[in-house]
Amino acid sequence: MEATERGVRHLPSDAAALSDQLLAGDRRALARAISYVEDDHPLKGDLLARLYPHAGRAYTVGVTGAPGSGKSSLINQMVFQARREGLRVGVVAVDPTSPFTGGAFLGDRVRMLDHTLDPDVFIRSMSARGSLGGLARTTWEVMQVLDAAGYGLILVETVGVGQSEWAIAQVADTTLLVLTPASGDSIQTIKAGVMEIADLFVVNKADLPGADRAQAEVRATLQLGPKTDWTPPVLPVVSTEGEGIDAVWEGILGHRRFLEGAGLREERRRRQLQHELDTLLGLEVHERLQRFLAEGPQREATLDRISRREEAPTLAARRLVDLFLDNPPHGNGRRGNDG
């Protein structure tokens, strides 16, 4: 039950009550739940287990591209469009990590202030915390929390690291790649292979010189690539003015219809679940192995042998893993996943 003190409502400290409040629409409970997930709180596992059966209904759109391409302003306009359609919208904006606090810079929240008073829009900035691929380690889990909370559309903005944006395709139903004219973005995209993950291409700042050329380059490159049943549209946009947003929205809806009509949406989501499961398995094994090594003398002794050139690092790593598997530690290893 909730406790009150001088009329101030306090959030519960147990996962069952917190999840109940979240499912009932309490935004403070939602914010607390997301913090638990990000911080690997001891209640995280139980909380996610209670919320997971209520997820799986939201449609997710990933927005990626180089820093400065206008991802946040584009998402800001997309939120307006979704709200006109009556959708509740959750936004997960992955920001660069502060070198001082380890937290997010929160630049995306500043650009989306238009929606702060809308009770049907929830915006959360997350710190990348050193994760590669443009997302934070817990992005997928935060998306599940927002999904369970009843947000029908979830928009995910990557940190914008340029050539390693592949991770967004592992969590989104539709992926948008945002480019700008006269900046070399299209060439960098082709070189990096990021082009393969995009379902829609958005050329932002299309009022600047070079926009037509950028669109032509992307279309030409698509013609050279392998033939697929879905041809990604290339859409000019001026996101700060809201120009071209209708076409982007129609492109997203068109891609959704394509996935559902071809029976590919469930197939894509199964691949997403496989990716997330593999990721969590890797984290689980890594953390248990690290704790096993920290509790015994094997690591230091092995480092000594490697330093004396008595054992190659590759064989040493295999030997330590074999030792770990032969002597598994008790307990489940990871904080926040005891549910």
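Where is the place of R309? I looked it up and found R309 in the loop between α11 (298-307) and α12 (313-326). I note that helices (H or I, at least four residues) and strands (E, at least two) are DSSP runs, numbered from the N terminus.

**Basis of the entries**

I am working with a predicted model, in which local features need pLDDT of at least 70 and side-chain atom pairs count only at pLDDT 80 or more, while totals for chains, interfaces and linings use all residues. Residues are numbered from 1 along each chain as its sequence is written, and side-chain values use heavy atoms, with hydrogens and water left out.

**Entry 1: loop residues with positive phi**

R309 is exposed, with a relative accessible area of 76%. My terms here are buried for under 20% relative accessible area, exposed for over 50% and partly exposed in between (1.4 Å probe, protein chains only).

I then turned to K205, where phi is near 60 degrees, again a positive value in a residue other than glycine. K205 is placed in the loop between β8 (200-203) and α8 (211-224). With 32% relative accessibility, K205 counts as partly exposed.

**Entry 2: the chain as a whole**

I counted 12 helices and 9 strands in the protein chain. Of its 339 residues, 45% are buried. The chain exposes about 17200 Å², of which carbon and sulfur atoms supply 54%; accessible areas come from the Shrake-Rupley method with a 1.4 Å probe, and for residues only the protein chains shown count as cover.

I also looked at contacts, meaning heavy atoms within 4.5 Å. Among those between residues at least 6 apart in sequence, 74% join residues at least 24 apart.

**Entry 3: nonpolar cores**

In soluble globular proteins, nonpolar side chains tend to be buried together. I searched for nonpolar cores, each a set of buried Ala, Val, Leu, Ile, Met, Phe, Trp, Tyr and Cys residues joined through side-chain atoms within 4.5 Å. Which residues have the most contacts inside the largest core? I noted L22, L30, V92, V145 and L146, in a core of 31 residues. The elements that give two or more residues to this core are α1 (15-23), α2 (27-38), α3 (44-51), β5 (121-127), α6 (139-148) and β6 (153-157). Apart from this core lies another, of 25 residues, with V121, I123, L153 and V237 among them.

I followed L30 individually. Leaving aside neighbours within four places in sequence, L30 is in contact with L22, F122, V145, L146, A149 and Y151.

**Entry 4: α2 against α6**

Two packed helices are described by the angle between their axes and the distance between the axes. I take axes as lines fitted to C-alpha atoms, for helices over the stretch in contact, with angles from 0 to 180 degrees between N-to-C directions. The axes of α2 and α6 come within 9 Å and cross at roughly 160 degrees. That makes α2 roughly antiparallel to α6; angles under 35 degrees count as roughly parallel, over 145 as roughly antiparallel, 65 to 115 as roughly perpendicular and the rest as oblique.

The crossing of α2 past α6 is right-handed. A crossing is left-handed if the near helix is turned anticlockwise from the far one by less than a right angle, and right-handed if clockwise. On the α2 side I listed L30, A33, I34, V37 and E38, which meet E141, V142, V145 and L146 in α6.

I also examined Q144, found in helix α6. Is Q144 buried or exposed? Q144 is buried, with a relative accessible area of 15%. Neighbours within four places in sequence aside, Q144 is in contact with Y52 and A55.

The axes of α1 and α2 come within 8 Å and cross at roughly 130 degrees. The two helices are therefore oblique to each other. Their crossing is left-handed. L18, Q21 and L22 of α1 make the contact with A29, L30, R32, A33 and Y36 of α2.

In the loop between α1 and α2 I located A24. At 68% relative accessibility, A24 counts as exposed. The C-alpha atoms of A24 and G150 are separated by 9.6 Å, although the two are 126 residues apart along the chain.

Finally, I looked up R50 in helix α3. R50 counts as partly exposed at 38% relative accessibility. Not counting residues up to four places away in sequence, R50 touches A15, A16 and S19. The C-alpha atoms of R50 and S19, 31 residues apart along the chain, are separated by 6.9 Å.
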